[in-house]
Amino acid sequence: MRELPTAKSAWARRGALAEPAPSWARFDEAHPPRFLCDPSLGGLARWLRAAGYEAFLAPEVPGHRLPDEALRRGLVLLTTEAEVLDRRIVAAGSLVAVWVPSALTMAEQLHMAFLDLGLTLREPRCMACGGTLVPTPMEAVRPRIPPRTALWKDEYFVCAGCEGLFWRGTHWERIEATLRRAVAA
Ligand SMILES: [Zn+2]
């Protein structure tokens, strides 16, 4: 695999690396980062949710001030717009922003975010809305379970946000395998 540019090196090259200690060092297990993704990073937002992180997608509004919104909501900004890093608000070090080159594949983007922010895989969230997945008794959701699935699965989860129904089937396993590969790459 080719060497990826990291957000930190990108910052350093652009002369924007803020002192003192980078604020991403403030994240820990109990206070994981939450993300604001620019409108072109919808795929990355979905995969961050699968990796267990809250990731919001910014609306596609011309002139929308992403750094302001991220700072106001306490979110880490993920953006493909390198110019954002030149904004005063970012250079001042008060906002954590990661530049994600749009030329990277989704897996490379995910790997870069994990590497730069020291992320680890957490309990998966709903990829569609980011809601937590709540273990739910099979009887409570039986009418929604495909008959063939009901024959071999007895563990189910309902999204607290959109009420989507989940189980650890082949689709879920493929997602977990992709995440593990992206993180370890
Ligand atoms: Zn959901």
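Hi everyone. Let me begin inside helix α2, where Leu44, Ala45, Trp47, Leu48, Arg49 and Ala50 are buried. Before going on, please keep in mind that this is a predicted model.

What covers those buried residues of α2? The cover includes β1, β2 (55-57), β3, α5 and α8. And if you follow the chain just past α2, you come to glycine 52, which takes a positive phi of about 100°.

Let me step back for the overall picture. The chain has eight helices and seven strands. It has 185 residues, and 44% of them are buried. If you take the contacts between residues at least 6 apart in sequence, 52% of them join residues at least 24 apart.

Now back to α2, and to one residue in it. Alanine 45 sits in this helix. Is alanine 45 buried or exposed? With a relative accessible area of 1%, alanine 45 is buried. Leaving out residues up to four places away in sequence, alanine 45 touches Cys37, Ala55 and Leu57.

The largest nonpolar core has 26 residues, and the ones with the most contacts inside it are Phe35, Cys37, Leu48, Leu78 and Leu110. Which elements give two or more residues to this core? They are β1 (35-37), α2 (42-50), β3 (76-79), α5 and α8 (170-184).

Setting aside its neighbours within four places in sequence, leucine 48 is in contact with Phe35, Cys37, Tyr53, Ala55, Leu78, Leu110, Phe114 and Leu119. Some of those names come back when we look at rings: Phe35, Tyr53 and Phe114 are linked into a cluster by ring pairs.

So, on to the aromatics. Searching the whole structure gives four aromatic pairs. One of them joins tyrosine 156 and tryptophan 167 in an edge-to-face arrangement, 6.0 Å from centre to centre and with 65° between the planes. Tyrosine 156 is in strand β6 while tryptophan 167 is in the loop between β7 and α8, so this pair ties together parts that are 11 residues apart in sequence. Tyrosine 156 counts as buried, at 1% relative accessibility, whereas tryptophan 167 is partly exposed, at 22%.

Another pair is formed by phenylalanine 157 and tryptophan 172, and this one is tilted: 5.4 Å centre to centre, with 50° between the planes. Here the link runs between strand β6, which holds phenylalanine 157, and helix α8, which holds tryptophan 172, 15 residues apart. Both phenylalanine 157 and tryptophan 172 are buried.

Two arginines also sit over rings. The charged end of arginine 73 is over the ring of phenylalanine 56, 4.7 Å from its centre. Arginine 122 lies over the face of tyrosine 53, at 5.8 Å from the ring centre.

Which residues coordinate the zinc ion? They are Cys126, Cys129, Cys159 and Cys162, each through its SG atom, at 2.3 to 2.4 Å. Along the sequence, these donors follow the spacing C-x2-C-x29-C-x2-C. Cysteine 129 is in the loop between α5 (106-117) and β5 (133-136), and cysteine 162 is in the loop between β6 (156-159) and β7 (165-166), so the two tie together parts that are 33 residues apart in sequence.

Why do we call the arrangement tetrahedral? The four donor atoms subtend angles of 93 to 121° around the zinc ion, and that makes it tetrahedral. For reference, the ideal angle for four tetrahedral donors is 109.5 degrees. As for accessibility, cysteine 129 is partly exposed, with a relative accessible area of 36%, and cysteine 162 counts as partly exposed too, at 41%.

Technical notes. Residues are numbered from 1 along each chain as its sequence is written. This is a predicted model: local features need pLDDT of at least 70, side-chain atom pairs count only at pLDDT 80 or more; totals for chains, interfaces and linings use all residues. Side-chain values use heavy atoms; hydrogens and water are left out. Donors are N, O and S atoms within 2.8 Å of the metal (3.2 Å for Na, K and Ca); water is not among the atoms, so sites may look incomplete. Four donors count as tetrahedral if all angles lie between 85 and 135 degrees; four count as square planar and six as octahedral if opposite donors are over 155 degrees apart and all others between 65 and 115; anything else is irregular. Helices (H or I, at least four residues) and strands (E, at least two) are DSSP runs, numbered from the N terminus. Buried means under 20% relative accessible area, exposed over 50%, partly exposed in between (1.4 Å probe, protein chains only). A nonpolar core is a set of buried Ala, Val, Leu, Ile, Met, Phe, Trp, Tyr and Cys residues joined through side-chain atoms within 4.5 Å. Contact means heavy atoms within 4.5 Å. Rings of Phe, Tyr and Trp (its six-membered ring) pair if their centres lie within 6.5 Å; planes under 30 degrees apart count as stacked, over 60 as edge-to-face and the rest as tilted. A charge sits over a ring if NZ of Lys or CZ of Arg is within 6 Å of the ring centre and within 35 degrees of the ring normal.
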